[in-house]
Amino acid sequence: MADKVLAIVLAGGEGKRLMPLTTDRAKPAVPFGGMYRMVDFVLSNLANAGFLKIVVLTQYKSHSLDRHITKTWRMSTLLGNYVTPVPAQQRRGPWWFAGSADAIYQSFNLINDEQPDYVIVFGADHIYRMDPRQMVDDHIASGAGVTVAGIRQPLSTADQFGVIEVAEDGRRIRAFREKPTDAVGLPDAPDQIYASMGNYVFTTKALCEAVERDAEDKTSKHDMGGSIIPMLVERGEANVYDFRDNEVPGSTDRDRGYWRDVGTLDSFYDAHMDLINVHPVFNLYNFEWPIYTEQPPYPPAKFVHQWGERVGRAVGSMISPGAVISGSLVENSVVSPKVRVHSWAQVDGAVLMEGVEIGRHAVVRRAILDKNVYVPEGAEIGVDLERDRQRYTVSENGIVVIGKGQRVEC
């Protein structure tokens, strides 16, 4: 069946709400979890499931994303497998992608080349594990034109999601609405709704017909969730797939069904904190369903000095290869490769991306420091939020975010 399926990963979004992390890169290229990029999660799910013909549609600030995919995601061409980034090619005229549906419309040549029976269309910027084979099997058995993955959420949170409202059979979608304030609960759980995960499986014919029809509508926003899915819902061709039915090998009761949209700085930070519990809410240590990424030749992490209070140590944290914790304390943090934390520094509740350097006696609390940020000796981040707001980005929940390559002032 895998050779009859083409996977399209939508990776063209600007990610404005993640600024300054997206100042210099596309959202799916933003580093996550120390070693990874966001796009690695969807690509790993597809690869683990055996769907190995994958195109990644890119647009905004895509250089680092294109480079990461090209260097990391190499398949056996002998077997006809590939993961390839596809930028906006202006095949339909002198314009860029006008939306996710338009991105597919302008990329019809990819579908025509492969002639698949089914097309997987997944987003590139969510953190989760999923076995897409089970969703494809469910779609085929249903005979629907499209199957939309839904995750159960409290009814009270309906105004935060694209909400899937289902018929009495619990499968057919009767309405698809963005952030409704009057959503109704599920037939089997009145206090819950289905939130769209932004993951779809299409029968190829249904996808192509819907996208072509949408392209002719000059009033459309040309969006998959806002335009294509409601069109197929109206035609009675849309079903929901309940994410809780998805069984990923190696998953635990604690992390089963985990999915997080990291579209804001606070959700990005919270998703990192989910990684570092003793029994993590999202378990990166599931070796039966690994998350793949580039593995540079960095040495193991090192902890040095043990003189009085000058002890290099980390507690409740994830420390990546190439990092050196030198006579300092790191707590409740995610530390990326090649980070250096110097003596007597204190880091608590931080996300430190590759190449960050923390000077002696510096304090960093509840912060996200992008690549190559330098914190000089004695500087304080996250201690005085009013002062930080004058210099850096501070999220709604008080997370201090410092952009790529920025030198912190004392």
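**Close-up views of a predicted model**

**View A. Strands β19 and β22 pair in the parallel sense.** Two bridges join β19 (residues 324–326) to β22 (residues 340–341) in this predicted model. Ile-325 stands opposite Val-341 in β22. Both strands belong to an open sheet of five, ordered β14-β19-β22-β24-β26. Pairing in this sheet is parallel. The edges are β14 (302–304) and β26 (374–375). Each edge strand has a single partner, so one of its sides has no neighbour in the sheet.

**View B. The largest nonpolar core holds 42 residues.** Val-42, Leu-43, Leu-46 and Ile-120 touch the most other members. Elements that each supply at least two residues of this core include β1 (5–11), α1 (39–48), β6 (118–123) and β11 (192–203). The largest share, five residues, comes from α1. In soluble globular proteins, nonpolar side chains tend to be buried together.

**View C. Contacts of Ile-120 beyond its neighbours within four places in sequence.**

**View D. Ser-251 is a buried loop residue.** Ser-251 lies in the loop between β12 (238–242) and β13 (259–261). Its relative accessible area is 18%, under the 20% cut-off, so Ser-251 counts as buried. A polar atom of the Ser-251 side chain lies 2.9 Å from the backbone oxygen of Val-248. Leaving aside neighbours within four places in sequence, Ser-251 is in contact with Arg-256 and Asn-286.

Note on methods: Residues numbered from 1 in each chain as written. Predicted model: local features only at pLDDT ≥ 70, side-chain atom pairs only at ≥ 80, totals over all residues. Heavy atoms only, no water. Core = buried A, V, L, I, M, F, W, Y, C linked by side-chain atoms within 4.5 Å. Buried < 20%, exposed > 50% of the residue type's maximum accessible area, 1.4 Å probe, protein only. Helix = DSSP H or I, 4+ residues; strand = E, 2+ residues; numbered from the N terminus. Contact = heavy atoms within 4.5 Å. Pairing = 2+ DSSP bridges. Polar contact = N/O pair within 3.5 Å; in protein donor to acceptor, adjacent residues only side chain to side chain.
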